[in-house]
Amino acid sequence: MKKKILVTGGTGYIGSHTAIELINEEFDVAIIDNLYNSEKEVIDGIEKISGKRPSLEIIDICDMEKLDGFFSRNKEIAAIIHFAAYKAVSESVSKPLEYYRNNLVSLINLLGLMKKYRIANLVFSSSCTVYGQPENLPVTEDAPLQPATSPYGNTKAVGEEIIRDTVFSDSSIRAIALRYFNPIGAHASALIGELPRGVPENLVPYITQTAYGLRDELKVFGNDYDTPDGYCIRDYLHVVDLAKAHVVAVKRLIEEKNKSGYEVFNLGTGNGVSVLEAIKSFERVSGVKLKYKVTGRRPGDIEKIWADPSFANRELGWKTISTLDEAMKTAWDWENYIRSKSQIK
Ligand code: NAD
Ligand code: WQD
């Protein structure tokens with residue numbers, strides 16, 4: 001029988017791409033999402049691409065009673081991939097309690113119900129944000145974590161600790177925390193992708209919206225950093241590559257191939273790319289000249305960070321496949337697809 005995986009936040013950006021990869025690998029997918037930052041039509045996209053429609057229950061994971069009801073009806077869950085969270089860094093600064101409540105209460109609820117219903121396996125969405133500005137690059141998993149620069153970032157650091165402590169106290173629970181670097185792009189079909197609400201905070205959706213004519217120009221936050229071209233450096237990885245890592249992590253847990261109850265992996269390409277290089281990549285694949293202006297630095301920005309993904313390469317047998325250009329092209333195709341779709345409506 002197919003194993004069933006619960007994907008929280010499964011109509012969201014990374015969750016929806018992961019649902020497809022899970023279905024491709026013959027898992028049954030059950031999604032819980034409260035549609036705070038996604039649309040239920042995403043399920044149609046997943047079905048069109050994968051040929052299979054995952055179940056969707058619209059539940060707020062902070063609602064313990066409803067979540068308990070879900071588990072009492074679905075006892076055969078082999079693993080949980082927990083994507084559901086609020087993720088806007090600047091919003092978290094003005095609404096810290098909302099972020100702590102949503103991101104931590106949801107996690108605590110899930111862990112409590114994993115114990116109650118004897119669900120052994122958890123994959124958690126963490127972030128490179130826990131490293132702050134690393135002293136040594138590329139950054140490895142054992143680099144010291146820095147105090148978070150936002151409540152959002154702190155929910156990831158604290159979330160990891162909550163999971164680690166739970167695993168140490170209960171040997172029947174196994175968990176993998178995946179520290180994502182900067183996911184970009186969309187499924188090659190352009191049927192699903194990132195749907196930022198309002199003005200995008202992240203670079204790539206801002207680039208594609210500007211190129212499409214929805215924004216006047218991209219403001220580039222500083223070119224006076226201590227980097228080769230003066231622009232900030234990040235490790236951008238294709239969201240489909242990222243999604244595939246979740247399948248590998250889930251299998252590792254289900255097959256009990258994990259080497260300890262709690263494991264942490266960096267998920268990135270290992271390549272540092274500057275904002276200017278990202279813009280040039282976009283221009284190359286889209287044929288559009290991007291309007292941009294260099295402005296002041298964004299407060300709290302990390303100057304440069306990229307992953308050492310060799311632990312994930314070695315232990316998970318996972319590595320990124322797509323190039324930056326390929327990922328950018330899919331981001332551009334997706335932008336064109338959703339804009340044309342909203343004009344048809
Ligand atoms: P997203 O907002 O597209 O998806 C998150 C989904 O969770 C949304 O569909 C939202 O409606 C849902 N959700 C939020 N709170 C919920 C709740 N209480 N109950 C039920 N559903 C809820 O975000 P994403 O980019 O797909 O990110 C997924 C995860 O990865 C998040 O935990 C995020 O913090 C983490 N992450 C993202 C990035 C990134 O750059 N996108 C980087 C590192 C880590
Ligand atoms: C990338 C680069 C900006 C927008 C976020 C979260 C972090 C983690 C990863 C979730 C930076 C520059 C951006 C713009 C710009 N996510 N930029 N103009 O900074 O790595 O962080 O994603 O866990 O927590 O904070 O990603 O896409 O916001 O920025 O010049 O309009 O693009 O300065 O150098 P970042 P980003």
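A backbone N or O atom of Ile-61 lies 3.0 Å from a nitrogen atom of ligand 1. Taken alone, ligand 1 exposes 820 Å², and the protein buries 95% of that. The model is predicted.

**Ligand 1: contacts and surroundings**

- The backbone also meets ligand 1 at Tyr-13, where an N or O atom lies 2.8 Å from an oxygen atom of the ligand.
- Ile-14 brings a polar backbone atom to 2.8 Å from an oxygen atom of ligand 1.

**Ligand 2: contacts and surroundings**

- The side chain of Asp-301 has an N or O atom 2.5 Å from an oxygen atom of ligand 2.
- The side chain of Arg-234 places an N or O atom 2.6 Å from an oxygen atom of ligand 2.
- The backbone takes part too: a polar backbone atom of Glu-201 is 3.4 Å from an oxygen atom of ligand 2.
- On its own, ligand 2 has 680 Å² of accessible area, and the protein covers 88% of it.
- Ligand 2 is surrounded by 19 residues. The closest are Ser-127, Tyr-152, Lys-219, Arg-234 and Asp-301.
- Both α7 (203-212) and β8 (218-221) supply at least two residues of the shell around ligand 2.
- The largest share of the shell around ligand 2 comes from β8, with four residues.
- The shell around ligand 2 contains ten nonpolar, four polar and five charged residues.

**Aromatic rings**

- The structure holds eight aromatic pairs.
- One of them joins Phe-70 and Phe-71 in an edge-to-face arrangement. Their centres are 5.4 Å apart, with 85 degrees between the planes.
- Are Phe-70 and Phe-71 buried or exposed? Phe-70 is buried, and Phe-71 is buried as well.
- Tyr-36, Tyr-86 and Tyr-99 form a cluster linked by ring pairs.
- A charge also meets a ring: the charged end of Arg-297 sits over the ring of Tyr-225, 3.9 Å from its centre.

Methods. Residues are numbered from 1 along each chain as its sequence is written. Chains are lettered from A and ligands numbered from 1 in the order in which they are written. This is a predicted model: local features need pLDDT of at least 70, side-chain atom pairs count only at pLDDT 80 or more; totals for chains, interfaces and linings use all residues. Side-chain values use heavy atoms; hydrogens and water are left out. A polar contact is a pair of N or O atoms within 3.5 Å; within protein, one must be able to donate a hydrogen and the other to accept it, and residues adjacent in sequence count only if both atoms are side-chain atoms. Accessible areas come from the Shrake-Rupley method with a 1.4 Å probe; for residues, only the protein chains shown count as cover. Rings of Phe, Tyr and Trp (its six-membered ring) pair if their centres lie within 6.5 Å; planes under 30 degrees apart count as stacked, over 60 as edge-to-face and the rest as tilted. Buried means under 20% relative accessible area, exposed over 50%, partly exposed in between (1.4 Å probe, protein chains only). A charge sits over a ring if NZ of Lys or CZ of Arg is within 6 Å of the ring centre and within 35 degrees of the ring normal. A residue is near a molecule or strand if one of its heavy atoms lies within 4 Å of it. Ala, Val, Leu, Ile, Met, Phe, Trp, Tyr, Cys and Pro count as nonpolar, Asp, Glu, Lys and Arg as charged, and the others, Gly among them, as polar.
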